[in-house]
Amino acid sequence: MASARQGGLGRAGPLVATRFLSAAVSTAIPLVLARALDLAAYGAYKQIFLITQTLYLVLPFGMVQGLYYFVPRRDARRPLYAGVLAFLGLASVVATAGVLLGAPLAGRLFGNPELAQLRGPIATYLVGLLLSAPLEIALTAEGRIRVAAGVYLVSDTLRAASMVVPVLLGRGLEGLMHALAAFSVVRAVLAMAWLVRREGPLWDPEALRAQLRYAAPFGAAVVVARPAQSAHQWVVSALASTQLFAIYAVGCFQLPFVDLLYTPTSEVLMVRLGELDRAGELHRAPEVFRAASERLAYFFVPLAALLAIAAPEVVTALFGARYLAAVPLFRVSVLGVLVSILPIDGALRSRGLTRHILHAALVRAALSLPLAIVGVRRFGLLGGIGSWAIGEVVAKAVLAWKLPEALGTSERPARWRELMPWQALGRAAAGSVVGATAALLAGVALTSLMPDPAVIRILRIVPLLAMGLAFGAAYLGALAITGVDPLTLFVARPLRPGRAAA
């Protein structure tokens, strides 16, 4: 059996590497669209995906994510997939009706008539997205991580092409949505064909009931949490112009590198904890969780520091100078990187504590919408992003309250000193201070060498690259001084007791 201290990133190595490539491809989407579309069209694009992403996360009601819990624990997997697909079929009917009937109303609310005009391809894209959702999750839960990684890469690349190419060819937002709808239909057909190609019975009512019992509280939590998490965007979209929402969307932009590390780490952590549960070795769970958190800390603490100090360079390089008004918003959104250090939700889901996830979602929902409305009306766009930041911190704190019980044994709950990567957090924070100092000095030096602003505008990526390289070199050097081998942060190895990141 793999070492209990094999952190989430250890077994998630292929997923992380592939998602890194996928993230590079996916990052091109908003960068190209922000430049190729005018502010109004880009704002309309972001509104469309605010709606579709909300429905995509809410309508599966936790059934798809439940595969991480059931697949490692059961040999008969075909009925699990069939049950999920049947549920997603019903969700697709609801999605179609919701988009076709609700798009005109949303268009009037957001001041965006294109929502009604594009409701056909929007509905088709959403249905394809729903029916293909179990594919990579099923592969990961089965332990076929390399195959899942390959599917992620191919799918994300084709999706990016279907979004960018029509816009570059002058077909605008309409061409983008039609191409994306076609892509999602093909992906859904292939995914469903693969999922049902299994031996054994297709249908198991008892398995479906077990899935529904598990998914109900988690699904209810998603139904509550997702709209609450994006409440600030809905409020800004309703109270501000489409052009202003485009600025706000850039300020809320989250680099995909956070998701490419956090999501596979959380997913593989769930599978690993399920294996420990099945083997009767749950006493190793705190060590596994801490190992995964250590690795995330060594990446996310410096990333948050770099993004905060280099926010103007990041926004200018990625989106262009016309979006510089988003810099203060972007700095607040960096908080999302820090709260991702602890994969608490994955740990709770792996132990079946989905009811507590629902409780945390209810707390957040009670705060988010009132905070967003008051924040936007009193403080403008900064009030909107501030309401989101408060919700993130509160939700994480409520989830963390149950973590010691989730990762403990029947004899005693886990202790926080067993769970928290304090040493890694301290070293990462100290290294980030050194890196931030080096990055700021590099930025000042570059400005003195290139005093002509016109040159800087032409070479927008140069200041960001210079600051990033200086930060990275100083950070890794500081880690080496404190006894952490920087190479081990990028290589999947078991962690030895008593060591930091390995």
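1. Helices here are DSSP runs of H or I with at least four residues, numbered from the N terminus. With that in hand, look at where helix 9 ends: Gly-170 follows helix 9 and has a positive phi, near 85°.

2. A word on the model before going further. It is a predicted model, in which local features need pLDDT of at least 70 and side-chain atom pairs count only at pLDDT 80 or more, while totals for chains, interfaces and linings use all residues. Residues are numbered from 1 along each chain as its sequence is written, and side-chain values use heavy atoms, with hydrogens and water left out.

3. On confidence, pLDDT is the predictor's score for each residue, from 0 to 100. The protein chain averages 87, and 91% of the residues score at least 70. Helix 7 (residues 119-131) has the highest mean, at 97, and helix 1 (residues 8-11) the lowest, at 48. Where pLDDT is low, the predicted coordinates should not be read in detail.

4. Back to helix 9 (residues 145-168), whose length checks out. The expected span is 1.5 Å times one less than the number of residues; for these 24 residues that gives 34 Å, and the end C-alpha atoms are 34 Å apart, which agrees. Its buried residues (under 20% relative accessible area, 1.4 Å probe, protein chains only; exposed is over 50%, partly exposed in between) include Tyr-152, Met-163 and Pro-166.

5. Phe-61 deserves a look in your viewer. Most residues other than glycine have a negative phi, yet the phi of Phe-61 is positive, near 55°. Phe-61 sits in the loop between helix 3 (39-58) and helix 4 (67-70) and is partly exposed, at 29% relative accessible area.

6. Which salt bridges are worth checking? The rule asks for a side-chain nitrogen of Lys or Arg within 4 Å of a carboxyl oxygen of Asp or Glu, and the count comes to 13. Asp-277 and Arg-73 meet at 3.3 Å, N to O. This pair links distant parts of the chain, 204 residues apart: Asp-277 is in helix 14 (residues 256-279), and Arg-73 is in the loop between helix 4 and helix 5 (78-110). Asp-277 is partly exposed, at 29%, and so is Arg-73, at 22%.

7. Glu-294 and Arg-290 pair at 4.0 Å, N to O. Both lie in helix 15 (residues 285-309), four residues apart, about one turn of the helix, and both are buried.

Notes
Helix = DSSP H or I, 4+ residues; strand = E, 2+ residues; numbered from the N terminus.
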